[in-house]
Every structure is written in structure tokens, then in C-alpha cells.
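Below is a short report on one protein model.

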Amino acid sequence: PQHIKFSHKKKYCGIKVKMNYINKLASFAVLVIALSGCDFNEDFCIRNGELVAWCDFSGIKEPLPIPAQRHMIAFPLGHTDIPSGTETAFTQDTLRWSIPQGEYRFLFYTGNYKVSDIQNYHEACLTVQTDTVEGGAYIPEIQDFCCSVMFSEHLEYQNTKRVEVSPSAFVQRLNIQINVSGNTVPLSSLKGTLSGISTGRYLVSRERTGNASLTTIFARKQDFNRWRTSLYVFGFSPVAENILTVKVEMDEEESAFNEEQTVDLTPYIRGFEGEELSLELNLHVGKELTIDQPVVIPDWEEIPETEL
């Protein structure tokens, strides 16, 4: 009886061990079948590269834009792991951007501008806001200085790509000085409106688009009858005329003598492709506004706000 009892126990234990082995084998087989049914390819994994970029502004003489006004737009080539036209802004002098590996074209620009058609590399265009006043388009805000550059890079997984960005000016600067003569004692202010201003510029081709007028206020330095203003613009319309209208405003007691004078700047502005142009005009209060030959004023200086 003891032998028989022992034999039964041994047989039972053997069956249990065998069943556990069979169950594990069956589970493994199911797992193999399941994995073989998956079309897994490690190439489908999104693996990020890193773009580290900083700016070389040595070719820019204007005040440098703060990091928050420096923008980078990415356009992937041959893959869609991120949408075309994905944009980021700097938070410090060096940008560290982790994005999927691959080939990219990048557009860099500065300023607080709106980018239209940002998903299209060739159609991405910086634009300014315009308002409609009495049927005409006007730019209500002063434009910021803007510089830009485009470049291409290949980003690799777990590999940092370091790039020095060297932008060039993307806007033109127009300086206007008005030498005032005549009855200047009651003169209170000079306000100017210039027509034929481009409202947008394509980042890649750098072609200009749009047409609007821009209003500016001239500032006078203390004890001088020279009034000056400086404008940043994308450029000038190749078809519209560049008419400058100056509103001459007197003190309240002499407001009856307020006047408007106009002069055509088209011959001097149209076709200008340089970065900066200075024009000197002569205004004789109560008579006329005339323009001298365009000159670059070498000692052009900004008028401090405390002197306005």
C-alpha cells in the first residue's frame, strides 16, 4: 500500500509538471504568432535629432532683436513626422530644438510679424496689418526692424547639429529730413503720409507684395528747424506712386493756418534696392514743399525721446 500510494503521488506530480510545461509552451507559441502578424519596422519609430542654432548679427547695425523676436520655421523634406511650417521662437541667445531626424529647410526671421501661407516654403510671406480708411489701405503700426536667412540641414538621431545663423536685413530704412523755414514760431507738429508702401515680402524669393499708405510723425530736435522721421518698410510698390503728404499743424491759437503740402518721391524711391535711403526736403510754411537731390545723411542720428 505504501508503494502504491507513492506511485500515485509520483504519477500525479509528473502530470502537473508536464501540464505546466505545455501551458508555457502554448503561451510562447501564441506570442510568436502574434508578433509574426505585426508589421513592425524600427524605421517607423520617430527618432529626434537636435538643432542648436545661434545668431551672428555682425552684419546688422540696427539694435539687436531680443530672443523672443527671433523665429525659426522648419520645412521637412521626404517625411511628415512634423507638419511643414512648424515654427518656434528663441527663449535665449541659443536655440535648442529637438525635432524628428531627417532633411530640413529652415527659415529664420526676426520681429513681430504675421507669416501667411506658413506651410508652403516658397509662399511663406511676412505681412503687416492694414486698416481700410475711406476706401484706402493704411498701415496703422510702426514696422519693426527685420532680418532673415534661409538654410538647409540634415538632422540625425542622437546627434546635435550646430548652426551659426547669419541673417541679412529684410526691410529697408527710409530717412526723411524736412528743413522748415518761414513762420515757424507757432508750428506745433508735422505729420506725414507716404503712399506706395509694400505690405508683405516673401521669405524665400524676397519679392514684395501689396500696397498701402503709412503715416508717421516727424520729430524736431530742440532749437532746430530740422524735422526728421525714420521708417522701416518691406519696400515700395513697383506700380504705385510714392506721394508724401505733410500736414502742418500750428498751435491752437494759430490753427486757422494749418495746411497740407505734397511732394512726389517716386523718382527717388521707385527701384531703390539698398538698405537705407535718406531724403532731404525743404518746407516753406505757407508756400511749398520741395525736395533736394536724394542724399545719404552720414551723421543721421535718432532724436532721444526726452528731446521731442
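This is a predicted model: local features need pLDDT of at least 70, side-chain atom pairs count only at pLDDT 80 or more; totals for chains, interfaces and linings use all residues.

## The hairpin of strands 8 and 9

E134 takes a positive phi near 50 degrees in the hairpin of strand 8 and strand 9, which has two residues between the strands. Strands here are DSSP runs (E, at least two residues), as are helices (H or I, at least four), and both are numbered from the N terminus. Strand 8 covers residues 131-133 and strand 9 covers residues 136-139; they pair in the antiparallel sense over three bridges. Pairing requires that DSSP finds at least two bridges between two strands.

Residues are numbered from 1 along each chain as its sequence is written, and side-chain values use heavy atoms, with hydrogens and water left out.

Strand 9 also has a parallel partner. Strand 17 (residues 212-217) pairs with strand 9 in the parallel sense over two bridges. There, I139 has L214 of strand 17 as its bridge partner.

Four strands form an open sheet in the order 6-7-15-16, with antiparallel pairing. Strand 6 (114-116) and strand 16 (208-209) are the edges; each has a single partner strand, so one side of each is left without a neighbour in the sheet. Three bridges join strand 6 to strand 7 (residues 125-127) in the antiparallel sense. K114 has T127 in strand 7 as its bridge partner.

Two loops of this sheet hold residues with positive phi. D117 lies in the loop between strand 6 and strand 7. Its phi is near 50 degrees, a positive value in a residue other than glycine. R206 lies in the loop between strand 15 (200-202) and strand 16. R206 is not a glycine either, yet has a positive phi of about 65 degrees. With a relative accessible area of 24%, R206 is partly exposed. The classes are buried (under 20% relative accessible area), exposed (over 50%) and partly exposed (in between), with a 1.4 Å probe and protein chains only.

A second topic is the open sheet of five strands, with the order 3-2-5-10-12 and antiparallel pairing. Its edge strands are strand 3 (86-89) and strand 12 (168-169), each pairing on one side only.

How is strand 5 placed relative to the rest of the structure? Seven of the nine residues of strand 5 (residues 102-110) are buried, so it is largely enclosed by the rest of the structure. Strand 2 (residues 70-77) pairs with strand 5 in the antiparallel sense over eight bridges. In that pairing, A74 stands opposite F106 in strand 5. Strand 10 (residues 147-155) runs antiparallel to strand 5 and is joined to it by eight bridges. G102 has L155 in strand 10 as its bridge partner. Strand 10 is in turn joined to strand 12 by two antiparallel bridges. C147 has A169 of strand 12 as its bridge partner.

## The second largest pocket

The second largest pocket has a volume of about 210 Å³. On a 1 Å grid over the protein atoms alone, a pocket is an open set of points where a 1.4 Å probe fits, with protein on both sides within 12 Å along at least five of seven lines. Grid points are joined across faces, edges and corners, and the volume is the space filled by probe spheres set on the points.

Lining residues have an atom within 4 Å of a point. They include K114, T127 and I139, along with Y113, P140 and D144. By class, the lining has five nonpolar, four polar and three charged residues. Nonpolar means Ala, Val, Leu, Ile, Met, Phe, Trp, Tyr, Cys and Pro; charged means Asp, Glu, Lys and Arg; the others, Gly among them, are polar.

## A buried residue and the chain totals

I176 is found in strand 13 (residues 172-181). I176 counts as buried, at 1% relative accessibility. Its C-alpha atom is separated by 6.5 Å from that of S230, 54 residues apart along the chain.

The protein chain has two helices and 23 strands. Of its 308 residues, 38% are buried. Among contacts (heavy atoms within 4.5 Å) with a separation of 6 or more, 68% join residues 24 or more positions apart. The accessible surface comes to about 18,200 Å², of which 51% belongs to carbon and sulfur atoms. Areas come from the Shrake-Rupley method with a 1.4 Å probe; for residues, only the protein chains shown count as cover.
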